[in-house]
Amino acid sequence: MKVTLKVWRQKNAKTPGEFKTYPANHVSPDMSFLEMLDVVNQELILKGEEPIAFDHDCREGICGMCSLMINGIAHGKKAVTTCQLHMRSFNDGDTITIEPWRAKPFPILKDLVVDRTSFDRIIQAGGFISASTGSAPDGNSIPVAKPDADKAMDAAACIGCAACVAACPNGSAMLFTAAKVTHLGFLPQGQTERHQRAVNMIAVHDAEGFGNCTNIGECSAVCPKEISLDTISRLNRDIVVAALKGIEPNVETAAAKAS
Amino acid sequence: MTGVLTLYRTSVGKKVIMALTGFILVGFVVFHMYGNTKMYQGPEAFNAYAVGLRELGYPVFGYEHLLWVARLVLIGAVILHIWSATALTMQSHKSTGANAVSGTRRYGEQKRQTSYAAYTMRFGGIVLLLFIVYHILHLTFGMVGYGPNEFQHPNYLGGHPEYFVYNNVVVGFQKPLISGFYMLAMVFLGMHLYHGVWSMFQTLGLNSVKYTGVLRGLAILVAAAVVIGNLSFPIAVMAGIVGPAV
Amino acid sequence: MSETKNETTTRTGVRQIEFVKGLESGASGGPIEQRWDTHRFQMKLVNPANRRRYSVIVVGSGLAGGAAAATLGEQGYNVKCFCYQDSPRRAHSIAAQGGINAAKNYRNDGDSIYRLFYDTVKGGDFRARESNVYRLAQVSVNIIDQCVAQGVPFAREYGGYLDNRSFGGAQVSRTFYARGQTGQQLLLGAYQALERQIAAGAVKMFPRNEMLDVVVIDGYARGIITRDMVTGKIERHVADAVVLATGGYGNVFYLSTNAKGCNTTAIWRAHRRGAFFGNPCFTQIHPTCIPVTGDHQSKLTLMSESLRNDGRIWVPKKVGETRDPRQIPENERYYYLEERYPSFGNLVPRDVASRNAKQVCDEGRGVGPGGLGVYLDFSDSIKRLGKAKIVERYGNLFDMYAQITGENPYETPMRIYPAIHYTMGGLWVDYNLMSTIPGLFVAGEANFSDHGANRLGASALMQGLADGYFVLPYTIANFLAGIKPGGVDTNHAAFVEAEAEVNGRVKKFLSINGKRTVDDFHRELGKMMWDECGMARNEAGLKKALQRIPEIREEFWQNVRVPGESNDLNQELEKAGRVADFLELGELMCIDALQRSESCGGHFREESQTADGEALRDDENFSYVSAWEYTGTLSKPELHKEPLAFEYVKPSQRSYK
């Protein structure tokens, strides 16, 4: 089959980008979307043009590195990553628009590659349980009710791909933040730091320039791991309880560090 | 400042303000709709309701005092609701304003994956604000929408307050254009309530997988009750079910 | 041959270190149960107040690297951590599905540290060090405790206690798991611990940075040269010790279950700087992967081995069969594993299942595109257990298969084929996980590891975390306690020279401007490696590969085309460097495979098999670790042998009949 690609090309963060059109004439329906791009890139290289830069790594839907807005949908389809999207989902002759994730906290590095280190900084604010190596008691000394363990796992399945931000009309990273707060908040080990964690992570979330949640649900709809919107409700609850307890953020944001 | 008072600083805190003020406003629209059904009982009952509102708590409280408290709370709620909405919208625009570099719109073909109502909150909110302003100028003050001498202002001629809200509603809604505008506004109100009521629980952290169905149902119920009730008034007037006082 | 070399070089003029070169593990003697404890007590410590004066570079942020960086940070060392991905959370450890072994004996079914040790040595076909494996089994229990405390959401029973399952044919239930995403959850645990240290300022993280060389000064690893993959800037980083935790080199085969970015560059560059390479030919093949669909194929996807519990593997009896599998009558199907191995049937170990699949495909009975596939048929199980049960057990795997192939595995048999999955070989390390370059430590899949010639299921995660959380923090301290911190900076001639070499290579890649792409060369190398140094190897094939690989390499340096610029995000340039190193490593793998003329574990030499086609070990001649030294000539590495002694587990022949 043949398709036409409209691809966002941008040399680096400082240079303006533009859409360019490329034909993809040797497409097999069995190819993954990224393999289709590989083939196009091989042709570009041999023609003496620069190949299209895009992020990818494991190509089995778990590392969270691949990140394309395909025809206006993050990862191109509900509940998959781009690497798991196959060309059989398209029709012969289609024109496919490919864009990078767009949000202020994700500067474009090149073409379709964006910088998502803001996610790491949200985790740094408190997305962990402070348990230094060696300090742990026996694993079975901390029983966790199965339903809680299952719900924690549902939220922990987040791969940090940032499709939620890309899909969100508000450019909010609330689903990502909430998934971690929910994962750790469902476990007894996570209780000690629970409310401090939530206020710290939100403080950094806001400082990084992410938008706020208006409960639209695009994030959850495109999430490859189908993280529930319910996690955001839990995050909100933790924030409200933290406020009632008088817990304030005690984390230094990147902006504060810089100034 | 500590505790609850610092909430406003974070995005979630602003949303909590949004939810709490929204709760007050939802309570108001439900009560408003319910109160207005008195017009079906005729001019006396309806006009007496208007007076009764002012006499709430009387004689323990002064005349109109409780009403003013309610009005102040409502005005405060509206202001905070709008303030947090504006602040949050600005925050979101900052995040989505990545077009600073590309100069193009964010998504060529943004594909909606969820309910339409969720997208109408900002635009619909502005429409509702304009509607409320019009509504007050119209039915409360009679400054717009009436011909000369059509609107009857309250008076104290008999030594006690006398209200003519029944007449004003009937005369006001007999004009199809105005009724049409009211009905259109109710569609926006319906969507605002449908998303807002559920959203309120979500924001306050009271939603969960187990209850989300129930809460969505509640949102539909509230939105439907308010919209159907409110739509019935202009329709009843235009259909002649509620006619001029004889 | 055995040699002990006393290095006379003094490191920053402090004290002399006796460095046993290459061939002895350095483990303490005595009863195996006490060796690690004895060794730990004997090792030197660094005073907590002095730790911040010591700097450690950790390359790689997976289970081993992430855990090591976090733990060293917690202990107060000055840590720099590097990864090529955009975040340490994306290391390929994340893709492990099945689980992690630990000798907790929570099931009360006869497990013990000794049994895990025994199973691992035996499973490794007696090519691993007993002392190392015992230590691995010992610390396995601490790993689970640590991970639970970090909030890893392991599967639980209704009582709230940890759930276990039996995995990979083990006779005890010792595998802890978090759905089918155990690797992801363990990695996120280490990642979160690492991010906590980054926030605390103890660890400085360098994502999108690729290590391109090790800097060795006065015989010690003193730093690395990296390339910032966004700006293209080549940078020098100095430290008192360097840890390589950069994963395996399965991508030498082009197609593997590794992530696209997985590469050998870090360990290969270290090898060229003097680190010995241990057992390079020991690679593991996983039998249940989704087959290749065409030339566009960029990687292979693994499906959990558990599928073999209920699926029956078969091929058509007729060579060149073209009918739909559902139309082929029972008597024309060849259930080759069930027929050949009546007692284990479809549950024979990974290597046996893989080799048999290759064999029937080589006979022309393979199914699917290119004839490289066998059927994995669930129709009997669906009949016997009902579809609901199969959905419950394998639903997510079936969905994944359907998504990738577009076929419905409930209706038509799945097609599977083996794929490269793990490399047991890697840089040679002693009991302290230090390579033959003092100060250069190697952890996780990157070292030649504790798995011998074959790794058991659910043991990779265990080893990565054992190295990172519980071994390196002790052994690095021991090393650092013996040296004075600092002493050199990045202006040292060795740094200047190494940077110049790296720059020269980058310039060279960009200047060739030939006619073939990097991927094209990689595919050619991969096919050669898969055909001649894959599931089954023989002398003629290996010799052919040894002749051809240098030719491919030569053509690569004449005719590759790398577009773009050096001072920019340039993914082709990144790939070029990696493939150039694979082209060198591939040759060493074939040399090693040719030299080891016995069969053992994942290394099957067709010349060395029993009458019924099983791998035949030659303990008399090959009971050693092959540690290869780079001599300056790629085709002539020098072999050093570390003899293996088996005091506890006596070597025996595996049998699955």
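Colleague: How many salt bridges are counted between chain A and chain C?

Modeller: Eight salt bridges in this predicted model. One of them joins E60(A) to K299(C).

Colleague: Why is the pair E60(A) and K299(C) called a salt bridge?

Modeller: The closest N and O atoms of E60(A) and K299(C) are 2.6 Å apart. The cut-off is within 4 Å, for a side-chain nitrogen of Lys or Arg and a carboxyl oxygen of Asp or Glu. K299(C) is the Lys and E60(A) is the Glu, so the pair qualifies.

Colleague: Which elements give two or more residues to the side of chain A that touches chain C?

Modeller: Helices α1 (33-46), α2 (117-124), α3 (146-156) and α5 (174-185) of chain A do. Strands β6 (108-110) and β7 (113-114) of chain A do as well. The largest share comes from α3(A), with seven residues.

Colleague: What kinds of residues make up the side of chain A that touches chain C?

Modeller: They divide into 38 nonpolar, 20 polar and 20 charged.

Colleague: How many residues does the contact take from chain A and from chain C?

Modeller: Chain A gives 78 residues and chain C gives 74. The area buried between these chains is about 6,300 Å². Carbon and sulfur atoms give 51% of that area.

Colleague: Which chains share the most contacts?

Modeller: Chains A and C do, of the two pairs of chains in contact.

Colleague: How do you know that no contact joins chain B and chain C?

Modeller: Contact requires heavy atoms within 4.5 Å. No contact is found between chain B and chain C, and their closest C-alpha atoms lie 18 Å apart.

Colleague: How many helices and strands does chain B have?

Modeller: Chain B comes to eight helices and zero strands. From the N terminus on, its elements run α-α-α-α-α-α-α-α. Along its principal axes, the C-alpha trace of chain B spans about 65 × 45 × 40 Å.

Colleague: Where are the domains of chain C?

Modeller: The domain assignment gives domain 1 at 287-418 and domain 2 at 493-616. Nine residues from domain 1 of chain C and eight residues from domain 2 of chain C take part in the contact. The centres of these domains, taken over C-alpha atoms, are 31 Å apart.

Colleague: What area is buried between domain 1 and domain 2 of chain C?

Modeller: About 750 Å², of which carbon and sulfur atoms give 56%.

Colleague: How many salt bridges cross the interface of domain 1 and domain 2 of chain C?

Modeller: Zero salt bridges are found there. The rule does find two residue pairs in polar contact across that interface, both at pLDDT 80 or more.

Colleague: Which elements each supply at least two residues of the side of domain 1 of chain C that touches domain 2 of chain C?

Modeller: Those are α8 (350-362) and β15 (414-423) of chain C. With five residues, α8(C) gives the most to that side. The residues there divide into four nonpolar, one polar and four charged.

Colleague: What does UniProt list for residues 56-461 of chain C?

Modeller: An unreviewed UniProt entry lists "domain: FAD-dependent oxidoreductase 2 FAD-binding" for residues 56-461 of chain C. Over those residues the chain is 29% helix and 19% strand. The end C-alpha atoms of that stretch are 23 Å apart.

Definitions and conventions: Residues are numbered from 1 along each chain as its sequence is written. Chains are lettered from A and ligands numbered from 1 in the order in which they are written. This is a predicted model: local features need pLDDT of at least 70, side-chain atom pairs count only at pLDDT 80 or more; totals for chains, interfaces and linings use all residues. Side-chain values use heavy atoms; hydrogens and water are left out. Domain bounds come from an automatic or database domain assignment. Buried area is the accessible area (1.4 Å probe) that two parts lose on being put together, summed over both. A polar contact is a pair of N or O atoms within 3.5 Å; within protein, one must be able to donate a hydrogen and the other to accept it, and residues adjacent in sequence count only if both atoms are side-chain atoms. Helices (H or I, at least four residues) and strands (E, at least two) are DSSP runs, numbered from the N terminus. Ala, Val, Leu, Ile, Met, Phe, Trp, Tyr, Cys and Pro count as nonpolar, Asp, Glu, Lys and Arg as charged, and the others, Gly among them, as polar. UniProt positions are given in the numbering used here, feature names are shortened, and annotations may be inferred rather than shown by experiment.
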